[in-house]
Amino acid sequence: MFKWFGKVNFVPFTKVTDFARHLKDGRLMGTKCRSCGAFSFPPRADCEACMSGDFEFVELSGRSTLQTFTKIVAAPTGFEDVVPYTVGVVDLEEGGRALAWFGDTIAEEEIEIGMELQVVPQIFDEIEDIKVYYSLEKPGTMWSKAST
Ligand SMILES: [Zn+2]
């Protein structure tokens with residue numbers, strides 16, 4: 001039964017692996033259904049509106065608004081070395097929501113629900129399990145490869 005679930009989930013996952021490649025190139029991508037035009041972020045290979053599997057990647061501006069945030073003090077497995085850290089959920093300008101860490105451009109005391117943020121692709125070389133991700137930064141912050 002688990003194998004069956006694995007097979008069902010494997011195909012959509014591999015279809016959107018290009019998401020990581022685009023992030024590495026500094027582009028934050030969502031997907032757009034070629035059948036009905038529905039937009040999705042995070043990327044989704046199979047349209048939730050019309051079930052079509054025909055999609056294309058579209059680049060996002062990264063402009064977003066903070067909906068909520070929380071400070072992680074008790075780390076999930078694998079993140080013990082990096083606590084405490086703060087994560088936020090943003091509404092993207094083009095639609096969809098993203099969960100991401102706050103980057104260096106924002107001090108903890110500045111964080112406020114409703115503030116404008118920029119989602120910026122990052123490469124976290126120092127964290128073994130996450131090679132490519134994105135962080136929440138001040139509006140106008142440009143993508144740059146991790147400084148380490
Ligand atoms: Zn669709």
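Which residue in β5 does Ile-72 stand opposite? Select both strands to find that Ile-72 faces Tyr-85; the tour returns to this pair below.

**Before selecting**

This is a predicted model, in which local features need pLDDT of at least 70, side-chain atom pairs count only at pLDDT 80 or more, and totals for chains, interfaces and linings use all residues. Residues are numbered from 1 along each chain as its sequence is written.

**Whole chain**

Helices (H or I, at least four residues) and strands (E, at least two) are DSSP runs, numbered from the N terminus. Along the sequence the pattern reads α-α-β-β-β-β-β-β-β-β.

Of the 148 residues, 19% count as buried. Buried stands for 20 or more other C-beta atoms within 10 Å of a residue's own, exposed for 12 or fewer, and partly exposed for values in between, with C-beta atoms placed from the backbone. Among contacts between residues at least 6 apart in sequence, 49% join residues at least 24 apart. A contact requires C-beta atoms, placed from the backbone, to lie within 7 Å.

**Stop 1: the open sheet**

Select β1, β2 and β3. These 3 strands form an open sheet in the order β2-β1-β3, with antiparallel pairing. The edge strands, each pairing on one side only, are β2 (39–40) and β3 (55–59). Two strands count as paired if DSSP finds at least two bridges between them. Strand β1 (residues 29–33) is joined to β2 by 2 bridges in the antiparallel sense. Show Lys-32, whose bridge partner in β2 is Phe-39.

**Stop 2: the loop between β2 and β3**

Next, select Pro-42, which is placed in the loop between β2 and β3. The peptide bond leading from Phe-41 to Pro-42 is cis, with omega near 0 degrees.

Move along to Met-51, in the loop between β2 and β3. Met-51 is not a glycine, yet has a positive phi of about 70 degrees. Is Met-51 buried or exposed? Met-51 counts as exposed because it has 10 C-beta neighbours inside 10 Å.

**Stop 3: the barrel**

Select β4, β5, β6, β7 and β8. A closed barrel of 5 strands runs β4-β5-β6-β8-β7, and its pairing is mixed. Neighbouring strands of this sheet are turned by 45 degrees against each other on average, direction ignored. The axes behind this angle are lines fitted to C-alpha atoms, for helices over the stretch in contact; angles run from 0 to 180 degrees between N-to-C directions.

Keep β4 on screen and look at its partners. With β5, β4 pairs in the antiparallel sense over 8 bridges. With strand β7 (residues 116–123), β4 pairs in the antiparallel sense over 3 bridges. Here Arg-63 stands opposite Gln-118 in β7.

**Stop 4: Pro-84**

Finish at Pro-84, in the loop between β4 (63–72) and β5 (85–92). Check the backbone first: a cis peptide bond joins Val-83 and Pro-84, with omega about -5 degrees. Why does Pro-84 count as exposed? It is exposed because 10 other C-beta atoms lie within 10 Å.

Which residues does Pro-84 touch, not counting those up to four places away in sequence? They are Lys-71, Ile-72 and Val-73. For a distance label, pick the C-alpha atoms of Pro-84 and Val-73: they are separated by 4.7 Å, with the residues 11 apart along the chain.

How values were computed. Contact = placed C-beta atoms within 7 Å.
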